[in-house]
Amino acid sequence: MFATIPFVTRPGLAKARGQPVVLARQMLLVRASNARWREMFERADIMSEGRVREEAQGRVWYGSTSLILPAPAADIAFFAAVAERDVHVRIRAVRAAHREAGSRAPGRLGRLSCEVRITADPRGVRIDVDVQATLIERRAVSRPAP
């Protein structure tokens, strides 16, 4: 006797297709002004928070920094789209978040891991940076008396 399957929930087998030799797509390339982005970051509204958690590998800092870069209302969506694709804007945001976390953490920060989200906000371009870093702490070392 052969077993039969009354209901098939997946598609059946299909032959794989070969990939084309060349794939092409059109892209809009832009070059942003570093000086203009610097001005926007200098005027940014920055809010930051965070705390330390005890974990198996030691104490870890978890924090979040939100930056709102002022922009003309008509250009907010465009600036947000450019910022999302510009690595220099992302680096500048990560550096700002690192400074903020470093000023709030109870010790030196180790290697920083972060996630960056960029969106349009009614007040400007909003950049949220979530950071995670182990704390570098000096352990008490007892030295022998001379």
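Strands β3 and β4 pair in the antiparallel sense over twelve bridges, where strands are DSSP runs of E of at least two residues, helices are runs of H or I of at least four residues, and both are numbered from the N terminus. Two strands count as paired if DSSP finds at least two bridges between them. This is a predicted model, in which local features need pLDDT of at least 70 and side-chain atom pairs count only at pLDDT 80 or more, while totals for chains, interfaces and linings use all residues. Residues are numbered from 1 along each chain as its sequence is written, and side-chain values use heavy atoms, with hydrogens and water left out.

The link from β3 to β4 is a hairpin through two residues. Within this pairing, valine 116 has valine 129 of β4 as its bridge partner. β4 is also joined to β2, by eleven bridges, and these two strands run antiparallel. Two positions mark that pairing: proline 70 stands opposite glycine 124 in β4, and isoleucine 68 has arginine 126 in β4 as its bridge partner. β2 pairs in turn with β1, again in the antiparallel sense, over eleven bridges. A hairpin of two residues joins β1 to β2, and the bridge partner of glutamate 55 in β2 is glycine 58.

The protein chain has three helices and four strands, and along the sequence they follow the pattern α-β-β-α-α-β-β. Of the contacts in the protein chain with a separation of 6 or more, 63% are between residues 24 or more positions apart; contact means heavy atoms within 4.5 Å. Buried residues make up 27% of the 146 residues. Buried means under 20% relative accessible area, exposed over 50%, and partly exposed in between, with a 1.4 Å probe and protein chains only.

The helices can be taken next, beginning with α3. This helix has 18 residues (87–104), and at 1.5 Å a residue it should span 26 Å, which agrees with the 26 Å between its end C-alpha atoms. The expected span is 1.5 Å times one less than the number of residues. At the start of α3, a side-chain oxygen of aspartate 86 comes to within 2.9 Å of the backbone nitrogen of histidine 88.

Which residues of α3 are buried? They are Val89, Ala93, Ala96, Ala97, Glu100 and Ala101. Because they cover an arc of only 135° around the axis, they lie on the same side of α3; the arc is that of the directions from the helix axis to the C-beta atoms. An α-helix has 3.6 residues a turn, so residues three or four places apart point the same way. His88, Arg95 and Arg99 are exposed on the other side of α3. The cover over the buried residues includes α1 (34–42), β1 (45–55), β2 (58–70), α2 (76–85), β3 (108–121) and β4 (124–136). Glycine 102 also belongs to α3 and is partly exposed, with a relative accessible area of 41%. Its C-alpha atom is separated by 9.9 Å from that of alanine 133, 31 residues apart along the chain.

In α2, the buried residues are Ile76, Phe79, Ala80, Val82 and Ala83. They fall within an arc of 165° seen down the axis, so they line one face of α2. Exposed residues Ala77 and Arg85 are on the face of α2 turned away from its buried side. What covers the buried residues of α2 includes α1, α3, β3 and β4.

The largest nonpolar core has 28 residues, of which Trp37, Phe41, Leu69, Val125 and Ile127 touch the most other members. Such a core is a set of buried Ala, Val, Leu, Ile, Met, Phe, Trp, Tyr and Cys residues joined through side-chain atoms within 4.5 Å. The elements that give two or more residues to this core are α1, β2, α2, α3, β3 and β4, and the largest share, six residues, comes from β4. Not counting residues up to four places away in sequence, leucine 69 touches Trp37, Met40, Phe41, Ala44, Arg123, Gly124, Val125 and Ile127.

Beyond four places away in sequence, aspartate 128 touches Thr65, Ser66, Glu115, Val116 and Arg117.

Key: Polar contact = N/O pair within 3.5 Å; in protein donor to acceptor, adjacent residues only side chain to side chain.
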